Amino acid sequence: MEFSYDLSETPSATALAVGCALVAAVLDHRRGLIPNSLTYPCLLAGLTLAAFSGGLIGLTMSLAGMVAGGLVFLVAFAMGNCGGGDVKLMAALGAVLGLWPAIDVTLAALMTGGVLALFSMSRRIDFRRVLRIVGLFAMLLPMDVKNAASVLVPRERHTVRFGVAAAGGLFWCLLLPDLSPLSFLR
């Protein structure tokens, strides 16, 4: 199966994806949301561009890219692990880029998001609190595993602004195509 693609062959789709990802990254970073007024037009423009430039096959690849880009995030959204804007952004980028680039950008964005999460967590570590919790866990463990595990539940929930990670994944695939996630399968 052929996983290769070249985004330079479709400059209008690439420009649309870059514009959409950059605006989403800025809005998500500043406001914590990716608006429908950005994702829906981007998705519609991607489908239209694919239909005009590639006909039925182009539209099919665009729809497949939309599903490939959004499916992982739809599952995460259903589980409460990401926002609806993240789902629509990745579906829109998938519709604009097509199937194989959508899979590649999704994988790269997930990896970028993981790195961003690690940096975010490392900035908030309170080592004294960590040592207290580990000590309490060790003392409670012999009595009851369920009670011991309850001290490990975080007090607050922090999120990664996935619009930034999506833009990072797109730029990774654009600027370093020989090091993108799918390049290791070629």
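This passage describes the fold, confidence and surface of a predicted model of a protein chain. Residues are numbered from 1 along each chain as its sequence is written. In this predicted model, local features need pLDDT of at least 70, side-chain atom pairs count only at pLDDT 80 or more, and totals for chains, interfaces and linings use all residues, while side-chain values use heavy atoms, with hydrogens and water left out.

The protein chain contains 7 helices and 0 strands, in the sequence order α-α-α-α-α-α-α; helices (H or I, at least four residues) and strands (E, at least two) are DSSP runs numbered from the N terminus. The mean pLDDT (the predictor's confidence in each residue, from 0 to 100) is 86, and 87% of the residues score at least 70. Confidence is highest in helix α3 (residues 84-97), at a mean of 95, and lowest in helix α6 (residues 145-150), at 60. Where pLDDT is low, the predicted coordinates should not be read in detail.

Of the 186 residues, 37% are buried, that is, under 20% relative accessible area, with exposed meaning over 50% and partly exposed in between (1.4 Å probe, protein chains only). Among contacts (heavy atoms within 4.5 Å) between residues at least 6 apart in sequence, 72% join residues at least 24 apart.

The chain exposes about 11,000 Å², of which carbon and sulfur atoms supply 70%; accessible areas come from the Shrake-Rupley method with a 1.4 Å probe, and for residues only the protein chains shown count as cover. Phe77, in helix α2 (residues 36-78), is partly exposed, with a relative accessible area of 43%.
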